[in-house]
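Here are my notes for a colleague who is meeting this structure for the first time. Please keep the model open beside the text while reading the points.

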Amino acid sequence: MSFAVIKTGGKQYKVAEGGRFLIEKIDHAVGEEFDFDRVLMVGNGSAETTKVGQPLVEGAKVRARVLDNGKAKKKIIFKFKNKTRYWKKKGHRQPYTKVEILKITA
C-alpha cells in the first residue's frame, strides 16, 4: 500500500490512496480534482523504495478530489476577570475542506 507525506496549510499529513481527510480550507470547488505538489516523502511500506525529500521529493505529486467545503463545530472563547465585572464571550468556526486521495505518483 503506497503512502505519501504532504504539506498543506502549514501542517503535514500522511495520506494513502482512497483515504479521506480534512485539511485547512483551499480554494477549489466541490468535485474538482487538483494536485498536491509539496510532497515530503513517498513510500509503499518497504525501506528500499521509500523516497525522502530534502525538503521535497522531485517529480512527486498526489492527485486529490474535493468532496466538501464547510465549517467545523463552534469553539467558544470566554474571557473573565474576577471582581471587575469583565467578561467576553466569542465563538469561532474553523473552515475546512474534505478531500479524497485518488493517486500517488513518485
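1. Is T97 buried or exposed? T97 is buried, because its relative accessible area is 0%, where buried means under 20% relative accessible area, exposed over 50% and partly exposed in between, with a 1.4 Å probe and protein chains only. This is a predicted model, in which local features need pLDDT of at least 70 and side-chain atom pairs count only at pLDDT 80 or more, while totals for chains, interfaces and linings use all residues. Residues are numbered from 1 along each chain as its sequence is written, and side-chain values use heavy atoms, with hydrogens and water left out.

2. T97 is found in strand β10, residues 95-105 (strands are DSSP runs of E with at least two residues, numbered from the N terminus). The side chain of T97 reaches the backbone nitrogen of I26 at 3.2 Å. Leaving aside neighbours within four places in sequence, the residues in contact with T97 (heavy atoms within 4.5 Å) include F21, I23, V66 and D68.

3. Turning to charged side chains, the count comes to six salt bridges, a salt bridge being a side-chain nitrogen of Lys or Arg within 4 Å of a carboxyl oxygen of Asp or Glu. E33 forms one of them with R63, the closest N and O atoms being 3.5 Å apart; this pair links distant parts of the chain, since E33 lies in strand β4 (residues 33-36) and R63 in strand β7 (residues 61-71), 30 residues apart.

4. E33 also forms a salt bridge with R65, with the closest N and O atoms 3.7 Å apart, and here strand β4 is linked to strand β7 across 32 residues. R65 is partly exposed at 28% relative accessible area, whereas E100 is buried at 14%. R20, E33, D35, R63, R65 and E100 are linked in a network of salt bridges.

5. I76 has its place in strand β8 and counts as exposed, because its relative accessibility is 52%.

Notes. Helix = DSSP H or I, 4+ residues; strand = E, 2+ residues; numbered from the N terminus. Polar contact = N/O pair within 3.5 Å; in protein donor to acceptor, adjacent residues only side chain to side chain.
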